[in-house]
Amino acid sequence: MTKTTKADPAEAAELFIIHDQVHEPMHDRFLWATMQRRDQEAAAIPEWEELREIASKIKEHTLTHLDRYLEEFETNATRRGAHVHWARDAAEHNSIVYSILEDHGVKELIKSKSMLQEECGMAPFLKNRGIKVIESDLGERIQQLDGQPPSHIVFPSIHKTRQDVAELFARTIGTDPNNDDPHFLTEVMRNNARPRFLSAGAGMTGGNFAIAETGTFMVCTNEGNADIGASVPPLHIASIGIEKLVPRVEDMGVFLRLLARSAEGAPLTQYSSHFSGPRKGGELHIVLVDNGRSRRLGMPDFWHSLKCIRCGACMNTCPVYRRSGGLSYGATYSGPIGVILDPTFDEFKYSELPFHSTLCGSCTDVCPVKIDISDQIYKWRRVMAKKGYLPLAKKLSFAVAGHVFGHPEEYHAVGKVAAPAMDYAPHFLMYNRTLNPWGRDRELPQVAKQSFREWYLENRSDDANVQEQS
C-alpha cells in the first residue's frame with residue numbers, strides 16, 4: 001500500500017465553503033429540500049419503519065450467505081444466456097471489460113452511471129487503450145466534460161449551477177454560454193448523445209440489484225439512458241458488486257419502495273428495468289466484482305456497510321456534506337457512507353475522513369437499510385487513532401481533551417478561565433492554522449460568561465433537591 005498522499009477534506013472543502021458565496025448555499029438548499037421530500041414520502045407510508053427493518057434483515061441474511069446466492073445467481077444468469085465473469089479487484093474488472101471489448105472490435109463505448117466503474121477507474125483505463133467512453137447520464141456527462149468525478153451518488157453534478165453548465169457546454173460542445181435554461185441544456189445534451197447511442201459498439205451499465213432466484217439484475221434510472229445503452233448496441237456489459245445480491249424477486253417489492261423515496265423523495269424511479277439474459281441477437285456479459293468486499297465482510301465492526309443500496313440519503317441529510325461538497329472527500333464515495341467505505345480501500349489515505357463528521361447520527365436515522373453509519377464513523381476514528389494516523393496537533397488536543405473531560409474538577413476550572421483567556425490570548429495563538437483549523441476562516445464564538453452548570457446551581461438546584469426528597 002502506497003502511503004504518499006493523504007486526503008485532506010478540510011483543505012479541499014475550504015474552497016467550496018469559504019471562498020465561494022454561490023455554490024455552497026445552493027448545494028445546501030437543494031439537498032435539504034430533497035431531504036424534506038424524503039421525510040414527507042416516508043411519513044406517508046405507515047409501515048415505513050417496518051420496511052426498513054425488513055430490508056435490513058434481507059441484506060444481512062444475503063451477506064451472511066453470500067457464497068450460496070452468488071453461485072445461484074451465476075447458475076440462473078448463465079441458464080438465461082448471459083456470460084458471467086468474476087473479478088477479484090479493480091484491475092481484474094478492467095482487464096475483463098477490455099478483453100470483451102477488444103474481442104468484439106469495439107472502439108466506442110456508451111455507459112450509464114455506475115459508481116463501481118468509478119471505483120475501478122475503468123474509464124481512464126479504457127481511454128489509455130484507445131477505447132472512447134461516453135457517459136450517457138446527464139449529470140455524469142457534465143462531470144466527464146469538466147474532467148471531474150461525480151460529487152454525489154445520485155446527483156453527480158449537484159454542486160454545479162445552471163450557469164456553470166451553460167459555460168461548460170459552450171466550451172465543450174459550442175452552445176450559447178448565456179443560455180442557462182434547463183430545458184435548452186437538456187435538449188442540447190440529448191441531441192449530442194443520441195448519435196453516440198447509435199454508433200457505439202457496446203453499452204455498459206451497473207446494477208442496483210441482482211436477484212439470485214432468476215439470474216436477473218435491475219437498473220434504476222430517471223432518464224432511460226441505461227435502457228437505450230443496453231438495447232441499441234449489440235453488446236451489453238454490466239458491472240455488479242457482489243454485495244448487490246438479493247435472494248428473491250419478491251424482495252424487490254421492499255427495496256423499490258425504499259430506494260427512490262430515500263434518494264430523491266419520489267415514489268419510484270422513472271425506469272426500474274429487469275435484465276434477464278441477452279436481447280434477441282445481442283450478447284450480455286455480467287462482471288461480478290469483489291474489490292475488497294470479501295475482506296470488508298470479514299470486518300466485525302464494518303461489514304454492515306455492505307448493506308448500502310446507494311440511495312444517497314445519508315449525504316442529503318449530513319450537515320458536513322451539504323456544506324463541504326462531495327469533491328472535498330477526495331475519494332469515489334463521499335458523505336457519511338464514503339467516510340465508512342473509503343478507509344476499507346486505503347486506511348492511511350482516508351484516515352482523515354472519519355473526522356469529517358459531526359456524529360449527529362442523522363445519517364443512521366435516514367438509512368433505508370439501517371446501517372449504523374454514525375457508530376461506524378466513531379469506530380473508524382478509534383482505528384485511526386490506534387494505528388497512529390492522526391496528525392501530532394490532533395493527537396495532543398485529543399489527549400488534553402480526554403484528560404480534562406475525565407476529571408470534573410479540572411473541567412469546571414477550565415470552563416471558568418476560558419472566557420477571560422480568549423479575551424487576552426494573542427491572536428496568532430488563537431488562530432494558528434495548525435493548532436486551530438476552525439479559525440482559518442472563521443471567528444471563534446464568544447464563550448458564555450456563565451456556564452449552564454453554574455446557572456443551574458444558582459437557579460434550580462434547590463428545586464431539584466426538593467423534588468428528589470419528595
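**Salt bridges and their surroundings**

Reply: A network of salt bridges links Glu119, Glu243, Arg293 and Arg310. A salt bridge here is a side-chain nitrogen of Lys or Arg within 4 Å of a carboxyl oxygen of Asp or Glu. The model is predicted: local features need pLDDT of at least 70, side-chain atom pairs count only at pLDDT 80 or more, and totals for chains, interfaces and linings use all residues. Residues are numbered from 1 along each chain as its sequence is written, and side-chain values use heavy atoms, with hydrogens and water left out.

Me: How many salt bridges does a search of the whole structure find?

Reply: The network of Glu119, Glu243, Arg293 and Arg310 has been named already. Searching the whole structure gives a count of 22.

Me: Which strands hold Glu135 and Lys111?

Reply: Their side chains meet in a salt bridge, N to O 2.8 Å. The pair links distant parts of the chain, 24 residues apart. Both Glu135 and Lys111 are buried, meaning under 20% relative accessible area, where exposed is over 50% and partly exposed lies in between (1.4 Å probe, protein chains only). Strands (E, at least two residues) and helices (H or I, at least four) are DSSP runs numbered from the N terminus, and Lys111 is in strand 2 (residues 108-111), Glu135 in strand 3 (residues 132-135).

Me: Is Arg38 buried or exposed?

Reply: Arg38 forms a salt bridge with Asp39 at 2.9 Å, N to O. Asp39 has a relative accessible area of 34%, so Asp39 is partly exposed. Arg38 has 8%, so Arg38 is buried.

Me: What is the relative accessible area of Asp251?

Reply: Asp251 pairs with Arg248 in a salt bridge, closest N and O atoms 3.1 Å apart. Arg248 counts as partly exposed because its relative accessibility is 38%. Asp251 is buried, at 2%.

Me: Which backbone nitrogen does the side chain of Asp290 reach?

Reply: Asp290 sits in the loop between strand 10 (283-289) and helix 13 (293-297). At 2.8 Å, the side chain of Asp290 reaches the backbone nitrogen of Arg293.

Me: What is the phi of Arg310?

Reply: Most residues other than glycine have a negative phi. Arg310 lies in the loop between helix 13 and helix 14 (313-317). Arg310 is buried because its relative accessible area is 12%. Although not a glycine, Arg310 has a positive phi of about 60°.

Me: And what is the phi of Leu359?

Reply: Leu359 is in the loop between helix 16 (335-341) and helix 17 (362-366). Its relative accessible area is 32%, so Leu359 is partly exposed. Leu359 is not a glycine, yet has a positive phi of about 55°.

Me: Which residues does Met252 touch, not counting residues up to four places away in sequence?

Reply: Met252 lies in helix 12 (residues 252-264). At 4% relative accessibility, Met252 counts as buried. The C-alpha atoms of Met252 and Ile211 are 8.7 Å apart, though 41 residues separate them along the chain. With contact meaning heavy atoms within 4.5 Å, Met252 touches Phe209, Ile211, Met218 and Val246.

Key
Polar contact = N/O pair within 3.5 Å; in protein donor to acceptor, adjacent residues only side chain to side chain.
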